[in-house]
Amino acid sequence: MIPNKAVVTAASPTEHHLPLQTLVDSEGLAKTALEIILDDIFAAGLESVAIVIHPGTREAYLDAAGSHAERLTLIEQKGPRGYGHAVWCAREFTGGDPFVLLVSDHLYLSCEESSCVRQLLALAASHDGCVSAVNPTHESKLHLYGTIGATRVPASPSIFEVNTVIEKPTPTLAEQELIIPGLRAGNYLCFFGMHSLTSAVMEHLDTLVSKMGESGVLGLTPTLAHLAKSEKYLATELAGQRFNIGERYGLLKAQLSLALAGPHRDEVLTDLIEITAHSRPGCQSS
Amino acid sequence: MSKLLNIITSGDPSVRNAAFASVCDGLTLEELLEESEALDQFRREADNLYERVRALFFLYAIHRFHLPSKLSVDRIGRIPFEGHEHLLNRRFTEAIDTFLAAVSQQGAGDSLSSALASAYHELAFQTLANQVRKSVRAVRGNQWMFRMGHPADHPLRLAPELLERAHDGTRAVLREQTPVRMDLSHSGWSDIFFLGMDFPEGARVLNVSVDLGVNGRDAEPKPPIEAYLRVIDEPVLILTSVDLKASARIDSLGEVFDFAKDYLGLLKAAVIAAGIVPPGIEGSGQKLESLLERVVGPGKGLELISSVNGIPKGSRLAVSTNLLAALIGVLMRATGQTSSLTGPLQENERRLVLARAILGEWIGGSGGGWQDSGGVWPGIKLISGQAASEGDPEMGISRGCLMPTHHVFGEDEIPASSRQALQESLVLVHGGMAQNVGPILEMVTEKYLLRSEAEWKGRTEALALLDELIATMVAGDIKALGRATTQNFRGPIQSIIPWATNLFTETLIEEAESAFGEDFWGFWMLGGMSGGGMGFIFAPERKAEAQQAMQRIMSEAKKKLQHALPFAMEPVVYDFAINAEGTSAQFLGEGGSALPEAYSRLTAELKQSAQNEEAPSGEVSGSLRRLLDEHGFDEELHESIRADLLAGTISLAGNRLPATATVEDVDQEDVLDLSSLSAGDSRFDRARAKGEAAIAAGEVAVVSLAAGAGSRWTGGAGTCKALNPFAPLDGCYRTFIETHLAKSRQVAAQGGTDLPHVFTTSYLTTQPTNDFLASVGNYGYEGPLLVSPGRSVGLRMIPTERDLRFAWEEMPQQLLDEQQQKMRDSARSALIGWAKSAREGADYTDNLPLQCLHPVGHFYEIPNLILNGTLRNLLQERPQLKTLLLHNIDTLGANVDSTILGLHRDAGHGLTFEMITRRLEDRGGGLARVDGHPRLVEGLAMPNDEAEFEISYYNSMTTWIDLDQFLQLAGLTREDILAHDEGKLAGALRSLADRLPTYLTIKDVKKRWGHGQEDVFPVTQFEKLWGDLTILPEANCGFFVVPRLRGQQLKDPAQLDGWLTDGSAAYVRGLCDWG
């Protein structure tokens, strides 16, 4: 199953500005975070992209998309109804087709030639069901992510069959339900923010949305948890890094990684050393 | 192959469960020594934890019970001090190696066997405790808390609902309400962790969650345990216990881990075990504020409040464990560790709370059974041990898992009508006794792992009875249930641990039977032992009447026995109802009004007392002053001791002989070893004839020292040890007094005469002893029976920091298990703070008057006999009196033995002291040559810790006194005694006392408060000791070595089981004629 559509969510009323920030990509070109995400998506062979946006941000997003603007479908989520609801808003765009789902407040940097999106699609091509990208995450960050319980697929060291999905578990619960042999102690597989999903997801979301009240909020986790119980749902540990550009210094870390991954690596490293040498020591954080 | 090893390793249950003792009984000394060697080798190599532990218990039992009787009496052996030091520092394997090396050098002997027994015993329990500890940490859901060491890594966040403000600006309060649990049967203490992990099939408990109210006080039963949590706008933890009237504002991580600093240890343990302040962060040097910022929010903190609705301590309803569970529950809910903030918990969440409560008990240095958190579950449940299987951390290590499983009976299994019927028949009470159940749990563990025959049979019966109890509940036949619980109590429970009952319980049962006849359906022991929480089952139509009657019966029995048994409070009758929900939480809406009324009262009181805070006055007035005046308090002496204490002239360190003194073991010619004589020897026969003639001529009297409170016997509860009905002997509970009289009766009957028996008493024991003897008609004692009231008393003082530090830091101390040691260190540091704030050397007056006084040492017992006219009365009645036999109240084997009496007379000693060969547990000095002269040296006076280990004989305190020589020593004559010139007598005795050293001691004294709560304070007192008369050359002292059974003392209830097993009880019974 190879999707050719992608959905990117960017409808958060408080964080919709994040993908609009400008960085310098690994080639040294100034681009918005959104543009960098879209570069990856289109480079991986996907043909069309829908972005679920916050009302009133259409123009800003079209501007930020740069050369990709014409290939985008922008869909407004009318209110803050949750991540699952935002995905559901793109149901007409995806139709009955499989699609790749990404978030707009993360940047991904592959450790290989092949981008993260491409790595995900490579596994999706050999599997009929959903595939989620995951990465080992320390228990102190569990409150930020959906986390899976899974078993390893024999002979495929980075592929897992998902048994359960729990949104932002406490380490107490994670230790009871989500331990995966082979991971370091205190580490769990958390979502990477990138999924390859089937139309079953939209169908399940549709059912849940029909049951939610006017002011209800719907996450994606219940649907993914449902998938884990009802079909063969895989997860893969990608060879790449994820940067949350919404957290403190997240953008800086993303920028550094991008700069160090390109031809200007030496220049950036030299500058870093110089900055470090001349910086004034501040108060040490405890 | 070794027979005993075969028992341990056999795959056949009939062999594996064979009784250890029956195999040992048939072995010779050589065979036992060979078996010991094989077992020791095995325990070093065995991988399986429980096989190792069984080998250790076997080794303990061989050295404690089976070898001593087979060892040659002339091979005493010397315990190496190095081994003792290893024991004190909990290096048990090294201690064993040291003792075994000594055995190979000296040969096997009684002393070394006692040391080995102790080391094997300790190592066995340490191995078991370590395993429980490992398992607690390994439980999934607990592990992360040990990894987390920095606030930045803290993964928990407070639920937003608790952070939101209401219209009035206050925040919501989350309340957890939890019932307590009562156990219909614990199948013979099978819920002890070790036992559940050894034999999970046998670990079964029928446990009921109940709401509670005090009959006549509360309108209706409700879940007695409440935990409240709210967010505060300060980056601190405020912990408050409404019942203990204590509150603390904690702003550092170190203080969270300081459990014994105040009464809030349980709340702190909950904060830790719930993961708010995870155990991994202890000692990290981080700030509590940073941690709270991460979990609660910047500038915010938490307030946690506990309340148990005045349910007293010792209720056997697991109040503290369920309170811990409630506190953990509310904190886990608030941090998203359960799926819902309110309502009951789901099964997996209850299990998690259980795991955390076990962790919390371990962190807090306490320990309960695994059924104790039963209140977290609803209704009636069967809790069972679980065999370890693949994936469990216990797999391959122990047969069972740490955590049990819970089956909650539905109404399809135990119908509502049965539950109702139980409620209508059961009268639940607290008898008022608060005792430490710890020694009993150790005894049970030991017996089960040894598969002692009677106890193992008891265990099997208890398991069958549990099934019967379930059947009676299913059928709703409460009368049959009463029969089964009574049968459980009378049968298995007491065949396993006779000490589970006591005279108070037996009195209550007897009275209930007599008052209600056929309508009294049965007795039900709750928890580990009786005397505190108990159940009495009655025909339902008489329940209300029975509640009233039981209150009266308990109060009367308590009044009768309050000087003999340790009571912590007035008995109460409860109202109860089965709780169908288990632990459950609710939001209480807006702020302060949601908190219990008692909390508001408490905070107001605490504010008030903080404003009025000042050191206690230490003023001696009222009834304390009267008591001092009545009991011969010497104000002048007291002030001079205080001045010396503050000046440092007398101190704990000053008790010791100078370091230049040489302390050596005595030579063989310094003692007469009675084992070297036997019937048929002319010296023996001559002595016996002489002794018999003296008895027949009425020349002998017995003096039993009965002035003491038995501090070790009741943990400083201030009862009279002499009156304690310590054990059932020949079918009845016997007090120490009755036992001593029974021995005198037998001697008198054999001598065809009567034998005067004197009990020397003190301010604490005179009145109760007189009353008690009157109430039992002097036990029908035929001879003269006299009570010699005390004539001297001291007033306790607040200790100095110097002496406390010396006692706790300089003197040898038994290092405790890691967490218990932390608790002890923390408590001691708080007590040093108390001593400083209450003024060092000040009079100790902040307790009941009787608890502020102290006896001034047993030297004064014979002088008192002279001063109070008792000796005069005796001499008037029998001028031929020549010899007194003086002994401690707990030396149960001492009697007027005609042979020893004859030998004493033959030797012409002024004082003949009876010595026993020293065992490891015989601490406190003994017979030594000091600078070349044989004398008794008190433990306090030993110049260093090692010196005591150089000496072979321990002083039993039993002394034969030649009356005339003693009077001469004091500068008195028989005529002076008869003339009774008080001034002259007092002057002479004071002069004698002045020649003896004064020792400063630190004693623990209990202070009771609240609902059965007790605090223990160290206080300073002084004493002069009888054995120091041996310093005086003109006292003309001699020393006989007597058999251990005659000279050993019963100091601690934990000794009772061994006392019963090792032949001591049988020996004493053989000396008694109960009349």
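## Helices H7 and H8 of chain B

In this predicted model, B:Phe92, B:Thr93, B:Ala95, B:Ile96, B:Phe99, B:Ala102, B:Val103 and B:Gln106 of H7(B) meet B:Leu112, B:Ala115, B:Leu116, B:Ala119, B:Tyr120, B:Glu122, B:Leu123 and B:Gln126 of H8(B), where two residues are in contact if their C-beta atoms, placed from the backbone, lie within 7 Å. The residues of this contact comprise twelve nonpolar, three polar and one charged; Ala, Val, Leu, Ile, Met, Phe, Trp, Tyr, Cys and Pro count as nonpolar, Asp, Glu, Lys and Arg as charged, and the others, Gly among them, as polar.

Helix H7 (residues 92-106) of chain B packs against helix H8 (residues 110-138) of chain B at an angle of about 155°, and their axes are 9 Å apart. Helices (H or I, at least four residues) and strands (E, at least two) are DSSP runs, numbered from the N terminus, while axes are lines fitted to C-alpha atoms, for helices over the stretch in contact, with angles running from 0 to 180 degrees between N-to-C directions. H7(B) and H8(B) are therefore roughly antiparallel to each other, since angles over 145 degrees count as roughly antiparallel, under 35 as roughly parallel, 65 to 115 as roughly perpendicular and the rest as oblique.

Residues are numbered from 1 along each chain as its sequence is written, and chains are lettered from A and ligands numbered from 1 in the order in which they are written. Because the model is predicted, local features need pLDDT of at least 70 and side-chain atom pairs count only at pLDDT 80 or more, whereas totals for chains, interfaces and linings use all residues.

## Helices H13 and H16 of chain B

Helix H13 (residues 265-273) of chain B and helix H16 (residues 347-363) of chain B cross at roughly 130°, and their axes come within 9 Å, which makes H13(B) oblique to H16(B). On the H13(B) side the contact is made by B:Ala269, B:Ala270, B:Ile272 and B:Ala273, and on the H16(B) side by B:Arg356, B:Leu359, B:Gly360 and B:Ile363. Six of these residues are nonpolar, one is polar and one is charged.

## Where chains A and B touch

The contact between the chains takes 13 residues from chain A and 18 residues from chain B. On the side of chain B that touches chain A, helix H9 (residues 143-147) of chain B gives the most, with three residues, and that side divides into four nonpolar, nine polar and five charged residues.

## Chain A as a whole

Chain A has ten helices and 13 strands, and its C-alpha trace spans about 60 × 45 × 35 Å along its principal axes.
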